[in-house]
Amino acid sequence: MKKLFKIFVFVSLFSSGVYAQKKPNVIVILADDLGYADLGCYGSEIPTPNLDKLAANGVRLTSFYNTARCCPTRAALLTGVYSHQAGIGHMMDDKGAEHPAYRGQLNDKSVTIAEVMKSAGYFTAMTGKWHVGQPHGTVPWKRGFDRSLNAPAGGFYYGDGKNAKVFLNGEELANDSEKLPKNWYSTDLWTDFGLRFIDEAAKEKKPFMLYLAHNAPHFPLQAPEEDIARFRGKYLKGWEKLRQERYEKQIKLGLIDPSWKLPPSNPNIPKWDSLSEEDKKRYDDMMAIYAAVIYRLDKSIGDLVAGLKQRGVFDDTVILFVSDNGGNAEPGMEGRYEGTKPGDSQSTVFLGQGWAEAACTPFWAYKHHTHEGGISSPGIISWPAGIPASRNGKFEKQPAHIIDIMATLVDLGGAKYPTEFAGKQIQPLEGASLRPAFTGKPGNRKNPIFWEHEGNRAIRDGKWKLVAEKTEKWQLYDVEKDRSELHDQFEKQPEIAQKLVSKYDAWYKRVGAEDYDKTFKWFYDYEKAKGGK
């Protein structure tokens with residue numbers, strides 16, 4: 001009788017949750033304009049010890065994809081559907097009701113990770129760059145986030161910056177508000193308030209979901225002078241040598257297959273040795289500022305991890321780190337180098353195309369484009385309590401996409417993705433959970449991955465990728481053997497090519513994508529930054 005009673009008590013406790021595995025905390029960290037090769041653990045010379053340590057004690061995704069641009073990536077991350085389905089097929093311009101995929105804000109046919117995780121008992125918070133429709137009234141505090149410190153669209157690092165604007169839980173703050181630290185730097189500010197919100201979750205005895213959306217290393221590149229000084233002079237070697245060094249390090253790390261050869265340099269990029277000494281010094285300084293911004297981004301990740309450990313929650317926290325697009329070549333070769341003291345709060349610095357090519361090593365093209373350089377991102381997963389020690393430092397080659405974040409969080413949090421929300425029918429999830437990759441198991445992806453941005457388009461189905469620039473014909477690549485996209489197989493594999501074309505056309509119609517030239521005008525003189533292999 002006593003034995004039966006003990007069994008009954010155990011079963012009762014388990015079902016009540018006392019012995020049940022508790023839900024992990026989740027932090028999704030999104031970098032902005034960070035290239036595939038910009039972290040130490042992905043081939044960079046820039047010291048990023050904190051992210052490298054997360055990778056060494058977690059899993060690195062070698063084929064994590066974004067949407068090639070900031071607003072669409074954020075829309076897809078937040079909703080788990082393609083950006084066109086969420087209403088942000090391009091940027092924040094509202095093209096009107098006759099163009100539902102291009103309304104410039106999240107629509108009511110989609111739900112956010114905050115709305116879904118909140119329904120599963122999570123305390124939901126976000127800090128950083130929102131960029132999914134605040135000018136139209138779509139704001140984090142109305143889309144499920146319990147707490148938020150956000151910038152509508154970024155464009156600054158310091159409180160006295162030209163575009164500095166922040167909202168705390170819906171209240172616009174003066175940049176010198178007593179509610180903010182003195183002389184704040186945005187990269188640190190987002191982490192500071194992220195930890196404050198985590199403390200609020202602890203008081204409410206809830207697991208937390210934090211979306212930490214950095215604006216680093218997006219232009220205008222700005223960083224403390226002491227950090228810029230660490231790197232000044234180190235890039236006088238030039239972009240060709242830097243790209244080659246990163247490529248060799250990637251091979252040594254085991255990150256890439258040695259059979260993936262470096263594409264030829266874009267013909268719009270001059271040879272480093274052809275530049276004047278004055279130009280070399282200027283470009284060196286631009287890259288030094290960029291490196292300093294990334295160095296500070298990594299430092300903030302270290303501060304976040306230290307804060308989690310101090311609170312005793314690091315082991316039970318899943319951290320997902322990705323980037324919103326490839327390296328940024330805007331507005332072309334010259335970049336920008338403006339201000340009395342480039343790198344300070346009043347200056348405007350853009351990386352430029354030469355360094356952007358190194359940022360995207362070993363791939364072709366950059367932000368905006370659907371070749372690998374534009375859509376490939378670092379992807380780091382950390383979860384000490386959930387990832388087996390045998391997986392620490394391992395590479396995961398299965399392709400993953402930003403639409404998978406929602407499905408992953410639903411899986412981790414035991415949440416239920418709704419078919420209806422706030423009286424509206426909700427579109428089905430498009431992504432697949434990445435949780436099997438935590439333990440090295442095959443994923444459950446059922447469909448190809450698709451892209452469309454500004455007329456640039458692609459589909460990846462298994463090892464095959466069909467891709468084209470806005471002005472190009474379709475190309476077909478075996479990305480397992482040739483991920484640097486050097487050997488077009490379109491004519492050699494006509495059956496495979498046509499099947500993929502058909503799948504792409506069906507997806508294009510299903511998500512409501514439209515001909516870019518007919519729907520939009522160019523916002524950048526970006527043709528100058530293009531060129532052929």
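Predicted model: local features only at pLDDT ≥ 70, side-chain atom pairs only at ≥ 80, totals over all residues.

Student: What makes phi of His-131 worth noting?

Tutor: Phi of His-131 is near 60 degrees, which is a positive value in a residue other than glycine.

Student: Which peptide bonds are cis, and with what omega?

Tutor: The bond from Ala-216 to Pro-217 is cis with omega near 0 degrees, and Pro-217 lies in the loop between β7 (208–213) and α7 (225–231). The bond from Thr-361 to Pro-362 is also cis, with omega near 5 degrees, and Pro-362 sits in the loop between α10 (353–359) and α11 (372–375).

Student: Why is α2 called oblique to α9?

Tutor: The axes of α2 (residues 49–56) and α9 (residues 277–310) come within 7 Å and cross at roughly 55 degrees. Angles between N-to-C directions run from 0 to 180 degrees, with axes fitted to C-alpha atoms, for helices over the stretch in contact. Under 35 degrees counts as roughly parallel, over 145 as roughly antiparallel, 65 to 115 as roughly perpendicular and the rest as oblique, so α2 is oblique to α9.

Student: Which residues make the contact of α2 with α9?

Tutor: With contact meaning heavy atoms within 4.5 Å, α2 contributes Pro-49, Asn-50, Leu-51, Lys-53 and Leu-54, and α9 contributes Asp-298, Lys-299, Ile-301, Gly-302, Val-305 and Lys-309.

Student: How do you know that β16 and β19 are edge strands?

Tutor: Two strands pair if DSSP finds at least two bridges between them. The open sheet has 4 strands in the order β16-β17-β18-β19 with antiparallel pairing, and β16 (449–453) and β19 (475–478) each pair on one side only, which makes them the edges. Neighbouring strands of this sheet are turned by 15 degrees against each other on average, direction ignored.

Student: What makes β16 and β17 a pair?

Tutor: They are joined by 5 bridges, against the at least two required, so they count as paired, and β17 (residues 456–461) runs antiparallel to β16. Ile-449 has Arg-460 of β17 as its bridge partner. Helix α14 (residues 494–510) packs on this sheet, touching β16, β17, β18 (464–468) and β19, and its direction makes about 65 degrees with that of β16.

Conventions:
Residues numbered from 1 in each chain as written. Heavy atoms only, no water.
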